[in-house]
There are 2 protein chains.
Amino acid sequence: MNDAVDIDLARLRRSCAQCSLQQLCLPAGIDADELVRLDEIVRRRRTLARGERLFRIGDPLASVFVARDGAFKTVSISEDGEEQVIGFHLAGELIGLDALGEGAHRCEAVALETANVCDVPLDELSAVAAQLPSLQQQLLRVIGHSLNRDHDHMEMLVRRQANERIALFLHGLGERYRQIGQSPSALRLPMSREDVARFLGLALETVSRGFTRLQEDGVIAVHGRRVEILDLDLLERLAHGAESGDPKRQRSAS
Amino acid sequence: MNDAVDIDLARLRRSCAQCSLQQLCLPAGIDADELVRLDEIVRRRRTLARGERLFRIGDPLASVFVARDGAFKTVSISEDGEEQVIGFHLAGELIGLDALGEGAHRCEAVALETANVCDVPLDELSAVAAQLPSLQQQLLRVIGHSLNRDHDHMEMLVRRQANERIALFLHGLGERYRQIGQSPSALRLPMSREDVARFLGLALETVSRGFTRLQEDGVIAVHGRRVEILDLDLLERLAHGAESGDPKRQRSAS
DNA sequence: CGTTCCATTGAATTGCGTCAATATGTGTGG
DNA sequence: CCACACATATTGACGCAATTCAATGGAACG
């Protein structure tokens, strides 16, 4: 008898208005009735299992995606068949912008764990954005954040020592978890050491050794993919080039 | 007496409709009367001398810029004061997107030689784009190209040998020059070896040695900042991981 | 309880960074 | 036009950080 009610409830629960990511995702800064219009085009939502692909290299650009939960990696394949990890995508982050330039994807997006995504048809999004300046602005802002993450990534890769990159990686990941309301210090890494290595431009053994070293210095505690940040201050200093030769750092903030 | 005519001519010559970059820049795919509207907001054009900055870190985002000629680098400054070269920008390429995320620039844009730029106020651009779907689409495409260049850059930095990166860099630069109608093989590098090094994540001595090596192998001819690509095929193969131990490569395309 | 995948640890090699000297080029003023 | 100084580029020698190869350890799965 209350089928209709059930459907409405289910529908509502999955709407942008109810989404925990509202303030991070496209709806940010949009008022209630505008939200309805955005919500109408964000109908399709998909669940992906670990290892499933959201899109593949060469797929034409149809939609951009927003991770609701779970995590993705985007990888490009070099001519010798090696995977390069271009980026990791957590909840609230846009996926699929790599096809904006040519209209076809240059990367594949792989779910690192069970994940939900919103599928946002790009042409409809553009149409609505054209009528809602605040949405257009927010779209550019979200694209900008994606650009910023790429730049952070490049800065990691350019002339930083292995241990610095690893510290920077863990610290940045913690920050991103904080933003989506999860613990910034008790991390469960959704990606393998190999993924981390291919992201940081290191050999996987080097990543492993880096984790061990950080643990020995009391900065983090590692249990497989569970990483706890014990000394955020020190982690930050290591990320910014301080050499760790001694568990007790003398140069405190004066 | 013909002052008015002179001004109109000068004005016209600098308009988007007359610009040699038309098909690469924002106007691509826009029809004539739409072009007029775009042209109206792209009034300010600036000339910068070598070393001048288009914007600095922290500057609020007001405009995006398009290089008309000349070249720029965008650099970020790490906490220890070192410059990181985030990207190089040739004619037709958008500069200033780094501020989209936070509304303030994270990089500085430095002219590598005397350069002209179009200054496009972003709020006016958004307003016009909202009314011209083709312009909005083109804006996204140009942003996408910028993203693609960043990804190419990252792929250079991740687990590639020094010589590979250098070959890839030269090859990519040639391609970009080709796109703007210049010779793809007779290059005059607008940037110093140090800039190249900070872009590729190498020591400047390593870059120098790489150039020398490529010259010894007959791939390029180097005269200071003049670089001529002699064997494009081989350069490409070196860029994709082929080891150069011998000037004569035996493994040809079967 | 075994099999498979993933992570850690060790030992040997090497590519690249660092330091240092020299060479080449570029712009300035005499 | 040359001489000078200064910036930029090349080349050499050496050491070390990170890769590679290889083996072991541990967790997750059926």
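Helices and strands here are DSSP runs: a helix (H or I) has at least four residues, a strand (E) at least two. The model is predicted.

**An annotated span in chain A**

UniProt lists residues 160-233 of chain A as "domain: HTH crp-type", in an unreviewed entry. This span is 55% helix and 15% strand. Its end C-alpha atoms lie 19 Å apart.

**Where the chains meet**

Chain B touches chain A through 37 residues, and these are in contact with 39 residues of chain A. About 3,700 Å² is buried between the two chains. Carbon and sulfur atoms give 57% of that area. Which residues of chain B lose the most area to chain A? They are Arg106(B), Leu140(B) and Met154(B), together 15% of what that side buries.

The table lists two kinds of link across the interface.

| Link between chain B and chain A | Number found |
|---|---|
| Salt bridges | 4 salt bridges |
| Polar contacts (both residues at pLDDT 80 or more) | 13 residue pairs |

One salt bridge joins the side chains of Arg106(A) and Asp152(B), at 2.6 Å from N to O. That pair counts as a salt bridge because the rule asks for a side-chain nitrogen of Lys or Arg within 4 Å of a carboxyl oxygen of Asp or Glu.

**What builds the side of chain B**

Three elements of chain B each supply at least two residues of the side that touches chain A: strand 5 (83-89), helix 3 (122-131) and helix 4 (133-157). Helix 4 of chain B gives the largest share, 15 residues. By class, this side of chain B has 14 nonpolar, 12 polar and 11 charged residues.

Note on methods
Residues are numbered from 1 along each chain as its sequence is written. Chains are lettered from A and ligands numbered from 1 in the order in which they are written. This is a predicted model: local features need pLDDT of at least 70, side-chain atom pairs count only at pLDDT 80 or more; totals for chains, interfaces and linings use all residues. Side-chain values use heavy atoms; hydrogens and water are left out. Contact means heavy atoms within 4.5 Å. Buried area is the accessible area (1.4 Å probe) that two parts lose on being put together, summed over both. A polar contact is a pair of N or O atoms within 3.5 Å; within protein, one must be able to donate a hydrogen and the other to accept it, and residues adjacent in sequence count only if both atoms are side-chain atoms. Ala, Val, Leu, Ile, Met, Phe, Trp, Tyr, Cys and Pro count as nonpolar, Asp, Glu, Lys and Arg as charged, and the others, Gly among them, as polar. UniProt positions are given in the numbering used here, feature names are shortened, and annotations may be inferred rather than shown by experiment.
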